[in-house]
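Please consult the sequence and coordinates shown here alongside the text.

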Amino acid sequence: MTALPIRDTSKLCIHTITTKPWTIETAIEKYAEAGVKGITVWREWTQGRDRKEIGQQIRSAGLEIVSYCRGGFFPASDASSRQAAIDDNRTMIDEAEAIGAPLIVLVCGAVPGQPLPESRKQIGDGIAAIAGHARSAEIKLAIEPLHPMYASDRSAINTMGQANDMCDFLADSHVGVAVDIYHLWWDPDLQKEISRCGTNRRLLAFHISDWLTPTKDLLNDRGLMGQGCINIPEIRGWVEAAGFEGFHEVEIFSNDWWKTDQDVFLAEIKQAYLAVS
Ligand code: ZN
């Protein structure tokens, strides 16, 4: 069930962290110039800025704000830190509302040494504590399962199955899942769990990049689509079969690409997106 080839850039979205050396203004200008239609804004790019104004700049450049990255990090070994995380996520919902983003991506968190079931319980409690605020702001929350290599410190949610289970447990109209192929491509249950997610109308975002061999850095060595081993059209086919019609978000953390000329990188992204995604 491989997806049909991509014909144009009408569903191409880029995360501001992908072109990390660029300011928000430069990213807006360059993405729009390149025919990119969506932008996912990372929180760091709005720090100390008038978020309403940034939102207007983005929309007047003809770009759609796809999501605001990233909330979460709920687990902690003491109650006051867990409360601080909940408060910070509420603030983030207000920020997303100001900029005009319909979705917040959650990197759920984990604590080294704390049993994963305990972290998962704290994640459930944390999301439940902010869901009402998200609902009243009409902002959705997407649980992003992370690759198991991050289970000790970044996310105790590591598969689509676990993310779906968490959504079942929370049973909230504003909580769903972000499918990031970098984290999930290896999972033998991926197709089945993507389908389950779609059936429950919880598939909220689709992130693309590629898995490099060898991976030199656990965080910042993602590849451009086509540089690695992920069958992107196949997974995109599953996502589309599950009813997803949203943007294809290019999210690449890469020390190597960040060192290069970002104009050239953007041209490469566009070419790779059209050729191999
Ligand atoms: Zn992602």
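**Pockets, cores and cysteines**

Strand 3 (64-72) and strand 7 (203-208) each contribute at least two residues to the lining of the largest pocket; strands are DSSP runs of E, at least two residues, numbered from the N terminus. The model is predicted, with local features requiring pLDDT of at least 70, side-chain atom pairs counted only at pLDDT 80 or more, and totals for chains, interfaces and linings using all residues. Residues are numbered from 1 along each chain as its sequence is written, and side-chain values use heavy atoms, with hydrogens and water left out.

**Open pockets**

- A pocket is an open set of points on a 1 Å grid over the protein atoms alone, with protein on both sides within 12 Å along at least five of seven lines, and lining residues have an atom within 4 Å of a point.
- The largest pocket has a volume of about 380 Å³, where volume is the space filled by probe spheres set on the points, which are joined across faces, edges and corners.
- This pocket is lined by 19 residues, of which Leu203, Leu204, Ala205, Phe244 and Gly246 are the closest to its centre.
- Its lining comprises ten nonpolar, three polar and six charged residues; Ala, Val, Leu, Ile, Met, Phe, Trp, Tyr, Cys and Pro count as nonpolar, Asp, Glu, Lys and Arg as charged, and the others, Gly among them, as polar.
- The second largest pocket holds about 200 Å³ of space, and its lining includes Leu4, Pro5, Arg236, His248 and Tyr273.
- Four nonpolar, two polar and five charged residues make up the lining of the second largest pocket.

**Nonpolar cores**

- A nonpolar core is a set of buried Ala, Val, Leu, Ile, Met, Phe, Trp, Tyr and Cys residues joined through side-chain atoms within 4.5 Å.
- The largest core has 84 residues, and Ile194 and Met225 touch the most other members.
- A second, separate core of five residues includes Ala142, Ala178, Leu204 and Ala205.

**Cysteines**

- The whole structure contains zero disulfides, defined as pairs of cysteine sulfur atoms within 2.5 Å.
- The Cys69 sulfur lies 9.1 Å from the closest cysteine sulfur, in Cys13, and is therefore too far for a bond.
- Cys69 is buried, at 1% relative accessible area, whereas Cys229 is partly exposed at 40%; buried means under 20%, exposed over 50% and partly exposed in between (1.4 Å probe, protein chains only).

Notes
1 Å grid on protein atoms, 1.4 Å probe; cavity = no way out; pocket = protein on both sides within 12 Å on 5 of 7 lines; lining within 4 Å. Helix = DSSP H or I, 4+ residues; strand = E, 2+ residues; numbered from the N terminus.
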